[in-house]
Every structure is written in C-alpha cells, then in structure tokens.
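We will go from stop to stop, selecting a few residues each time.

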Amino acid sequence: MDDPERWLALAHAPGLHAGTLQAWLAAGSPPPGLLSESDAALTALGLREQAIGALRRPDPAALTADLAWLRGGPARALIGWGTPDYPPLLAQIPDAPLVLYAEGDPLGLSLPQLAIVGSRNPTGPGRDTAHAFALHVARAGLVVTSGLALGID
C-alpha cells in the first residue's frame with residue numbers, strides 16, 4: 001500500500017468511515033486526499049471537529065504501533081477502501097471502514113466468513129474452545145474473521 005501513514009491517520013480519526021465520506025468517495029476522490037483538504041472543506045463534508053483534529057495531528061504512538069504491527073510479518077497488510085483488495089460486499093455497507101488490517105491472504109476477505117465473538121476476559125478453557133472451534137471452521141473452508149478486539153474476537 002502506498003503511504004500507509006496517511007491511511008493510518010484515516011483509520012484513527014473518530015467517526016470516519018465510508019458513510020461519512022459519501023460525497024467525497026462518490027466524486028472518485030481517494031480517501032488519503034482528505035489530509036490535504038482545508039478544515040473548511042472537511043467541515044463541509046460533515047466531519048466533526050474531533051475527526052478533523054485527529055487528521056491534522058495523528059497520534060504518533062498509535063501510528064508507530066500500527067507501523068510496527070504492519071512490519072511484523074510478511075503476510076500483514078493495510079487494505080484501503082477503494083483499493084483492489086478491499087472486499088466488494090463490505091464496501092457497499094454505509095459505515096464501511098476506510099482501512100482494514102489484514103493478516104494472511106487478502107483474497108480471503110472476499111470468501112465466505114465467520115466471525116467469532118466472545119468475552120474480552122476469557123478463561124483458559126474458553127480461549128482453548130474458541131481456538132479449536134476456529135480451527136475446525138477454517139478447515140471446513142470458511143475464513144475466520146476477527147475485529148482484533150481484546151479477548152475472544
């Protein structure tokens with residue numbers, strides 16, 4: 001991905017998703033281009049002050065952590081909204097995220113998937129059960145999707 005820091009700035013701006021940028025995206029403008037727009041233009045798009053502030057002053061610690069994660073393995077990638085690897089069905093929902101953090105083959109994001117959601121503070125047996133279930137589902141041919149939250153997710 002070209003310029004991951006620009007995409008990460010978008011990912012960390014609160015309330016920013018494809019739905020909030022409908023007019024911008026409909027005009028064929030790439031999401032990272034927002035970072036070059038004036039505050040007045042961003043306000044006209046409906047962005048809130050908190051999101052504009054986050055775009056102007058991205059959290060350096062969050063960017064550093066995300067870049068470290070991205071460089072932590074060859075199968076890790078950022079997938080931006082509107083790029084070829086972004087799942088077409090996900091792009092159609094009103095609040096589609098502008099950035100996906102992916103580990104593994106990005107083509108899997110267009111295959112049938114199952115998300116496993118559980119406790120943020122799982123017990124050891126709960127974690128083992130979730131892992132065994134995910135392994136069984138993956139071996140059956142489904143992609144197991146995670147929102148990357150803490151715990152079983």
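A salt bridge is a side-chain nitrogen of Lys or Arg within 4 Å of a carboxyl oxygen of Asp or Glu. This is a predicted model, in which local features need pLDDT of at least 70 and side-chain atom pairs count only at pLDDT 80 or more, while totals for chains, interfaces and linings use all residues. Residues are numbered from 1 along each chain as its sequence is written, and side-chain values use heavy atoms, with hydrogens and water left out.

**Stop 1: the salt bridges**

How many salt bridges does a search of the whole structure find? The search finds 3.

Select Asp3 and Arg6. They form a salt bridge, with the closest N and O atoms 3.6 Å apart. Check the surface next. Buried means under 20% relative accessible area, exposed means over 50%, and partly exposed is in between (1.4 Å probe, protein chains only). Asp3 is partly exposed at 42%. Arg6 is partly exposed too, at 26%.

Now select Asp39 and Arg56. Their salt bridge has its closest N and O atoms 2.7 Å apart. The pair links distant parts of the chain: Asp39 sits in helix H3 (residues 39-44) and Arg56 in helix H4 (residues 49-56), 17 residues apart. Helices (H or I, at least four residues) and strands (E, at least two) are DSSP runs, numbered from the N terminus. Asp39 is partly exposed, at 40% relative accessibility. Arg56 is partly exposed as well, at 29%.

Move on to Arg76 and Glu103. Here the closest N and O atoms of the salt bridge are 3.3 Å apart. Arg76 belongs to strand E1 (residues 76-80) and Glu103 to strand E2 (residues 99-103), so this pair links distant parts of the chain, 27 residues apart. Arg76 is partly exposed at 24%, whereas Glu103 is exposed at 55%.

**Stop 2: the nonpolar core**

In soluble globular proteins, nonpolar side chains tend to be buried together. A nonpolar core is a set of buried Ala, Val, Leu, Ile, Met, Phe, Trp, Tyr and Cys residues joined through side-chain atoms within 4.5 Å.

Which residues touch the most other members of the largest nonpolar core? Select Leu16, Leu21 and Leu55: they do, in a core of 30 residues. Helix H1 (4-11), helix H2 (22-26), H4, helix H5 (60-70), E1 and E2 are the elements that give two or more residues to this core.

Stay on Leu55 and show its neighbours. A contact means heavy atoms within 4.5 Å. Not counting residues up to four places away in sequence, Leu55 touches Ala9, Leu10, Ala13, Leu16, Leu35, Leu42 and Leu47.

Select all of H4. Its buried residues are Ala51, Ile52, Gly53, Ala54 and Leu55. They pack against H1 and H3.

Then select H1. Trp7, Leu8, Ala9 and Leu10 are buried there. The buried residues of H1 pack against H4, H5, E1 and E2.

**Stop 3: a buried charge**

Select Asp66, in helix H5. Asp66 is buried yet has no salt bridge. For charges, Lys and Arg count as positive and Asp and Glu as negative; His and the chain ends are not counted. The nearest side chain of opposite charge is Arg76, 9.7 Å away.

What joins the side chains of Asp66 and His12? A polar contact of 2.5 Å does. A polar contact is a pair of N or O atoms within 3.5 Å; within protein, one must be able to donate a hydrogen and the other to accept it, and residues adjacent in sequence count only if both atoms are side-chain atoms. Leaving out residues up to four places away in sequence, Asp66 touches Leu8, His12 and Tyr101.

**Stop 4: the aromatic pair**

Rings of Phe, Tyr and Trp (its six-membered ring) pair if their centres lie within 6.5 Å; planes under 30 degrees apart count as stacked, over 60 as edge-to-face and the rest as tilted. The structure holds 1 aromatic pair. Trp69 and Tyr101 form this edge-to-face pair, 5.9 Å centre to centre, with 70 degrees between the planes. Trp69 lies in helix H5 and Tyr101 in strand E2, so the pair ties together parts 32 residues apart in sequence. Trp69 is partly exposed at 23%, and Tyr101 is partly exposed at 28%.

**Stop 5: two loops**

Select Ala27, in the loop between H2 and H3. Ala27 is exposed, at 62%. Finish with Arg71, in the loop between H5 and E1. Arg71 is exposed, at 65%.
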